[in-house]
Amino acid sequence: MITLKDIDKYYASGFSRTYVLRNINLEVQEGEFISIMGPSGSGKSTLLNIIGMLEEPSSGEYYFLDKPVHKIKEKERTQLHKSFIGFVFQSYHLIDELTVYENIETPLLYQDVKSSDRKAKVADILDKFNIVGKKDLFPTQLSGGQQQLVGIARAVVASPKLILADEPTGNLNSRQGEEIMELFQRLNQEGTTIIQVTHSEKNATYGSRVIDLLDGSVVKA
Ligand code: ADP
Ligand code: ADP
């Protein structure tokens, strides 16, 4: 599903370069559940953002579903992202002015899914995530765990092939965190590929493989 070849990411600082990622070579197969681990500042979020097409590498090749992401135009990249990737953020990134229902519906609006199909899909996800009773509430009326459930519901409503999650349980208590990990496990068993950034050894046990980063390089994959 994913092939990264000699990916570098650096920032110019004066006449030198500060490398955030260096010589990353990585393959991810469809159906994997991967945890990216490593100390703070080792480049985990940057790697996840590059895979999610939210950031561009400085050099190297990136193939997603056999498409050369490093070569295609921004518009096509956006389309790839929208069609195949769901992104989950540590701080949820919900829209406070929209209800739970409307937040979850947002990606379907971006994809021009017709109204009756949108209703069916959102209803299905609300039911699956057991949050039907919350649909008319606003994010600020929910607990952190419930907000993250909505964040994940929004990420999966359009049936992405790949879920990318940056510290998805970072702001949750351990019970809420376990529920989120169990949900990821279920989605993975149903066929969704998952890549999470996590500091938690416990969270990593839900996945099938760990990629360890240190100072921008993969030290174990
Ligand atoms: P992690 O997720 O492992 O904590 P990040 O990918 O967030 O690591 O960041 C890795 C490094 O890249 C950090 O040292 C950070 O300061 C640096 N970095 C991120 N963005 C920029 C930027 N725009 N300019 C310069 N350095 C940056
Ligand atoms: P807009 O006014 O921006 O077009 P709407 O409020 O009409 O947005 O909502 C878009 C669609 O989502 C409509 O079909 C609406 O019926 C449906 N919808 C919005 N909120 C809810 C909700 N809480 N429960 C059920 N359906 C909803």
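**Ligand 1.** I started with S45: a polar backbone atom of S45 is 2.9 Å from an oxygen atom of ligand 1. I call this a polar contact, a pair of N or O atoms within 3.5 Å. For G43, I found a polar backbone atom 3.0 Å from an oxygen atom of ligand 1. With T46 the side chain takes part, through an N or O atom 2.5 Å from an oxygen atom of ligand 1. I then listed the surroundings of ligand 1 (a heavy atom within 4 Å), and they include Y11, V20, P39 and K44.

**A note on the source.** I kept in mind that this is a predicted model, where local features need pLDDT of at least 70 and side-chain atom pairs count only at pLDDT 80 or more, while totals for chains, interfaces and linings use all residues. Residues are numbered from 1 along each chain as its sequence is written, chains are lettered from A and ligands numbered from 1 in the order written, and side-chain values use heavy atoms, without hydrogens and water.

**Helices 5 and 6.** Next I checked helix 5 (residues 144–156) against helix 6 (residues 174–189), DSSP runs of H or I with at least four residues: their axes are 10 Å apart, at an angle of about 15 degrees. Helix 5 is therefore roughly parallel to helix 6, as angles under 35 degrees (on a scale from 0 to 180) count that way. I noted the residues in contact (heavy atoms within 4.5 Å), among them L149 and I152 of helix 5 and L183 and F184 of helix 6.

Notes:
A polar contact is a pair of N or O atoms within 3.5 Å; within protein, one must be able to donate a hydrogen and the other to accept it, and residues adjacent in sequence count only if both atoms are side-chain atoms. Helices (H or I, at least four residues) and strands (E, at least two) are DSSP runs, numbered from the N terminus. Angles under 35 degrees count as roughly parallel, over 145 as roughly antiparallel, 65 to 115 as roughly perpendicular and the rest as oblique.
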